[in-house]
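Biologist: I would like to learn how to read a model like this one, step by step. Could you take me through it?

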Amino acid sequence: MSVSRRAVLASAAGAAAIGAAAPATAAEATVGRTPAPTLRTLRAAADYAVDKVRTVAPAVTAFPVGTKFEKWVYSQNGDWVGGFWPGTLWMAWLYSKDDAFRTWALASAQKLAPRQYDTGTHDLGFLFYPSWVTAWRLTGDDAWRTGAVRAADSLMQRYNPRGRFIRAWGALSEERNAGRVIIDTMMNLDLLAFASSQTGDDKYLNIAVEHAKTAQRVFPRADGSTPHVYDFDPNSGTPIGPNTVQGYSPTSCWSRGQAWGLYGFTTMYRRTGNPQFLATARKLADFAVAALTPDHVPLWDYRAPQQPYDIKDASAGAIMACGLLDLSAATGRHAYREVALRLLTALSETCLTRNSARAEAVVARCTRHRPNEDGVEISLPYADYYLLEGILRVLQPQDVDRAIDLSTV
């Protein structure tokens, strides 16, 4: 069966009602082997998260981007994180079956409609996959699918055919940053894979594959660590070298970027079956797992000078957990799942906002941009989203499959 045909069938199944039967996934087969104390911890964390979101959601009129003094700060257009609030609402709906979350998710996602035409960002996958793609998969309303494909059209315009990469930052007319590629973009490629699956046109997936091959060539170091940025000459496509914006230095390893790469390469393997993408995902995973401190909450940068005593980034742990669960299912290696469970347990036990009456977010101890001293030890919307996604991958894998498609070609 072709990639496009398989994905169409998987997506059509995903649009079915919550209570409908669905094929068992590889992840689901392992649910019964999850230790009972772990299941209790994760259920308690999910209960807390859903109750928190239910309390906060009625007053949310824009898109949370981070917290200040434990209260959400908002962006009207969503910045690069706009997809995570509706995504969190969808995860809360899957867990609770409370239709209030569904109503809020649809209303929030609709506010992203103007961004379908935004050619000034590489983050259209972050914006439209957990919001519009998930909305289509869970409701079957074709307006969501059409908008997501239109966003993929906008993302494709950022492709540089000379260097075979999707540029990260800046308007298309802007020379500054025209040759910058960042590891984060690996997470935006699934929107292109989705567009190919829905249109039958391989042009989207082909660009995703070319970008992933370029990233695979320049980002992983021999030990499996990655820099945040890699620069190219935008006119010739010639590689220049590694750099960083979010990490400590061009030779360090920003933990959230490592998690984006791990999750993103695993996803590209699932969409293409290319074993090299899986090998790269494993290389990044093995480095990150070895770099974890005993408390299983990642440092903001695995090579920051103050490690292992530097500040934490719980969001990196939540993203990493999701990627490791994917990787375990793709490889059959239970060890990756065991680390993912330890990550989710650690976040659930030590990083939730349970002890604060003020807090509007679920996950604390996140760090947005340490070099700029911006958002150090705050809450971030993607931490809340990926924590719930990770927990539901363990507790309700069929539902997560319906929402985001966990299948592998």
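**Reading the model**

Modeller: Let us begin with charge: the chain carries 43 positive and 39 negative side chains, and the centres of the two sets lie 2 Å apart. Lys and Arg count as positive and Asp and Glu as negative, with His and the chain ends not counted, and each charge is placed at NZ of Lys, CZ of Arg, CG of Asp or CD of Glu. This is a predicted model, in which local features need pLDDT of at least 70 and side-chain atom pairs count only at pLDDT 80 or more, while totals for chains, interfaces and linings use all residues. Residues are numbered from 1 along each chain as its sequence is written, and side-chain values use heavy atoms, with hydrogens and water left out.

Biologist: What pLDDT does the chain average?

Modeller: The term pLDDT is the predictor's confidence in each residue, from 0 to 100. Here the chain averages 93, and 92% of the residues score at least 70. Over residues 1-29, however, pLDDT stays under 50, and for that stretch the model has 57 contacts beyond four places in sequence, a contact being heavy atoms within 4.5 Å.

Biologist: How many helices and strands does the chain have?

Modeller: Both are DSSP runs, numbered from the N terminus, with helices being H or I of at least four residues and strands E of at least two. By that rule the chain has 14 helices and seven strands.

Biologist: How should I read burial, and how many residues of helix α14 are buried?

Modeller: Buried means under 20% relative accessible area, exposed over 50%, and partly exposed in between, using a 1.4 Å probe and protein chains only. Of the 409 residues of the chain, 63% count as buried. In helix α14, which runs over residues 397-404, seven of the eight residues are buried, so the helix is largely enclosed by the rest of the structure. Those buried residues are P397, D399, V400, D401, R402, A403 and I404, and just after α14, D405 takes a positive phi of about 70°.

Biologist: Where does F84 lie, and which residues is F84 in contact with beyond its neighbours within four places in sequence?

Modeller: F84 lies in helix α3, residues 84-96, and is buried, with a relative accessible area of 1%. Leaving aside neighbours within four places in sequence, F84 is in contact with F126, P130, P381, Y382, Y385 and Y386.
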